[in-house]
Amino acid sequence: MKHIKLGSQGLMVSRLGLGCMGMSQWYGKPNDVESSKTLRKAIDLGVNFFDSAEAYGPFTNEVLIGKALKGIREKAVIATKFGFDLQGGKIVGVNSRPEHIVDVVNASLKRLDTDYIDILYQHRLDPDIPIEEVVGVMGDLVHTGKVKYLGLCEVGVNTIERAHRVHPLSVVQSEYSLWERNIELDVLLVLRKLGIGLVSFCPLGRGFLTGTVERAEHYPASDFRAQDPRLQGANYDNNVSIAKEIRTLAELQGMTPAQLAIAWILAQGEDIVPIPGTKRRKYFEENCEASHYSLSPEVMNALEQITRELPASGPRYNERMMAFVDR
């Protein structure tokens, strides 16, 4: 697996990362044994970039990663996040008060069983705390050695520019895939201007682009897909056509739909690293193979035509979750 410099602060990561949220919540029943084997397999395959957060579980995902990577911590680049107000195991709002940031980082270090965090993100913007104050605290954590690099999640251009003036950001994490390309309008341009890398989460459209996702009502209420507007009613019917077109094109290339979707993101530039999530070694290995494919201009044009003629139907989050997005 090729490794690249992401951002302009010296961060080196594998060309593909592993999103770890689904190992602990939202996407079916957790399987810690298989998830741990997947994390170790990633290291064996040269993937070193693992994405977590205190909110995943909550808390259990960081513990899982800490245990799975014990003894090989130096081979991993671990990202985690603060920023949600967690009460009774649920997200009830946002919280980026300075003292809360410090408390969360100290707790994350213990759960991850490490003395440093490679990348610290603010998970979602807190409208009550100026971003300058937030990044100032994050920068202090870099100076103390508890954190190496900084990032923000799901933020707009104004926030990125203000934050970067206080302390250089290495990465910004946003949803980016064949059917979710809103950041191309402005955010991606600013990231490239400032020398900030993009970490693309949900590069497979929460699995939908693989062609294996059912309607929302098929899933239990605890599953994220049960509340995904794009999987509901007429939206699902419309979006199925997108998945079918991508599957057909992938088969013509001798690829799986997942590999085609990931290869498309990789083709957008070496300043973008996708972090598809899975708890299973089988799917992880399949995803990694996408880094070996080079898409022809004809295939890239075909994908552009598909997404232009068949845009995603429905918002990417429900109303409550969309309210947390700074765009």
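**Reading strands, helices and cover**

Me: How many bridges join strand 3 to strand 4, and which way do the two run?

Reply: Two bridges join strand 3 to strand 4 (residues 49–51), and the two strands run parallel. A strand is a DSSP run of E, at least two residues; a helix is a run of H or I, at least four; both are numbered from the N terminus. Two strands pair if DSSP finds at least two bridges between them. Here, Gly19 has Asp51 of strand 4 as its bridge partner.

Me: What kind of model is this?

Reply: It is a predicted model, where local features need pLDDT of at least 70, side-chain atom pairs need 80 or more, and totals for chains, interfaces and linings use all residues. Residues are numbered from 1 along each chain as its sequence is written, and side-chain values use heavy atoms, leaving out hydrogens and water.

Me: In what order do the strands of the open sheet lie?

Reply: Eight strands line up as 3-4-5-8-9-10-11-12, with parallel pairing. Strand 3 (18–19) and strand 12 are the edges, each pairing on one side only.

Me: Is helix 8 mostly covered or uncovered?

Reply: Start with the cut-offs. Buried means under 20% relative accessible area, exposed over 50%, and partly exposed in between (1.4 Å probe, protein chains only). Helix 8 (residues 257–266) is mostly covered, with ten of its ten residues buried. Among them are Trp264 and Ile265. Across the protein, 57% of the 327 residues are buried.

Me: What covers the buried residues of helix 8?

Reply: Think of contact: heavy atoms within 4.5 Å. The cover includes strand 11 (197–201), helix 7 (233–252) and strand 12 (272–274). Helix 9 (281–289) and helix 10 (297–309) also belong to it.
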